[in-house]
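Student: I have a model on the screen and would like to learn how to read it. Please take me through it feature by feature.

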Amino acid sequence: MVSGDAAKEYVAGFSAGIAMVITGHPFDTVKVKLQAHNTKTQVKEYRNALHCTRRIISTEGVKGLYRGATSSFIGIALESSLFFGIYSQTKQLLQGESQISKPQLQVIIPSGAFVGAIISLILCPSELVKCRMQVQGKDSALSSYVRYNGPLDCALKTIKTEGIKGMFRGGLTTLLRESIGNAVFFTTYESSRYYMHSNLNHPKGQASKLLQDAGIGIITGGLSGMAFWATVLPLDVAKTVIQTNPDAKSSCNPMLTLYSIYRRFGLRGCYAGLGPTLARAFPANAAAIVTLELTAKMLGVKRD
């Protein structure tokens, strides 16, 4: 049975997910294209993130940057709701009756890893659809990819050609990315949030306190998002390559995929899309955390 406060955490998390998609999806589209096309052959399709962005806008307009956003809204909003709701409940369960306010790594790390493993089951199929929608575009150089009319068409064609298991292609890589990444995310978030609240003076007046909370949310959310992606980007590159490979019989082993990329492109290939990923990580996660904190406060949820 989910308590009243726990249910409100899920609602706040859902709002955070919507804020994250609106803010971060264009950056994600550029990242996916760089990962999918700049790791296929020795000749790079895009010189850099700016070149990729210009190509998308020139061929598809601004709406091209939001290609696959429908599946992102569904996947990330649900993921974010579960993400923060399950994390909060798991942390409370592991803390028990402990009243220690200082972040406890022995609680935060397993809670983050556990919620990461759970949400990977939702993220894997939604991100597969999103990535396949994002890589197609209107560029003639991308003709090796199947053309989809929309997210539903993409899902149906995937199931028709690869079966239900095709929707979970890259599942192991997604699980590893989310488990490791979210342990890092929440460790950074809880530690930086505790440090800032402990060392800043508490302002008088509701408006001043609201501004301070928003500022703390921007910094802690942005730093946590960057820490997540800096840690697990190679796994994300492997996931993109696995999920967008037109050959359904190609390897789904993330280590073999990364080794293949490393042999051809070196360490730089394993960090393809680093620029737009970090550029997206700060504003998208800052928006998510600020929305989470403010929504929780509006709903009357008391946060540690």
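Predicted model: local features only at pLDDT ≥ 70, side-chain atom pairs only at ≥ 80, totals over all residues.

Student: How many helices and strands does the protein have?

Tutor: Helices (H or I, at least four residues) and strands (E, at least two) are DSSP runs, numbered from the N terminus. Here there are nine helices and zero strands.

Student: How much of the protein is buried?

Tutor: A residue is buried under 20% relative accessible area, exposed over 50% and partly exposed in between, with a 1.4 Å probe and protein chains only. Of the 304 residues, 51% count as buried.

Student: What do contacts say about the fold?

Tutor: A contact means heavy atoms within 4.5 Å. Among contacts with a separation of 6 or more, 79% join residues 24 or more positions apart.

Student: Which residues does UniProt list as "transmembrane region"?

Tutor: UniProt annotations may be inferred rather than shown by experiment; the positions are in the numbering used here and feature names are shortened. The unreviewed entry lists residues 64-87 and 107-124. In the model, the span 107-124 is 100% helix, and its end C-alpha atoms lie 26 Å apart.

Student: How do I read the two sides of a helix, say H5?

Tutor: An α-helix has 3.6 residues a turn, so residues three or four places apart point the same way. The buried residues of H5 (residues 151-162) are Cys154, Ala155, Thr158 and Glu162. They cover an arc of only 95 degrees around the axis, which puts them on the same side of H5; the arc is that of the directions from the helix axis to the C-beta atoms. These buried residues pack against helix H4 (105-136). The face turned away from them carries the exposed Leu152, Leu156 and Lys160. After H5 comes glycine 163, with a positive phi near 80 degrees.

Student: Is lysine 31 buried or exposed?

Tutor: Lysine 31, in helix H1 (residues 4-37), is buried at a relative accessible area of 4%. Leaving out residues up to four places away in sequence, lysine 31 touches Trp229, Asp236, Gly273, Pro276 and Thr277.

Student: How many aromatic pairs are there?

Tutor: Rings of Phe, Tyr and Trp (its six-membered ring) pair if their centres lie within 6.5 Å; planes under 30 degrees apart count as stacked, over 60 as edge-to-face and the rest as tilted. The structure holds eight such pairs. One of them, phenylalanine 84 with phenylalanine 186, is edge-to-face, at 6.2 Å centre to centre and 85 degrees between the planes. Phenylalanine 84 lies in helix H3 (residues 69-95) and phenylalanine 186 in helix H6, so the pair ties together parts 102 residues apart in sequence. Phenylalanine 84 is buried at 6% relative accessibility, and phenylalanine 186 at 1%.

Student: What about phenylalanine 185 and tyrosine 189?

Tutor: Their rings are stacked, at 6.4 Å centre to centre and 25 degrees between the planes. Both residues lie in H6, four residues apart, about one turn of the helix. Phenylalanine 185 and tyrosine 189 are both buried. Ring pairs link Phe83, Phe84, Tyr87, Phe185, Phe186 and Tyr189 into a cluster.

How values were computed
Residues numbered from 1 in each chain as written. Heavy atoms only, no water. Expected span 1.5 Å × (residues − 1).
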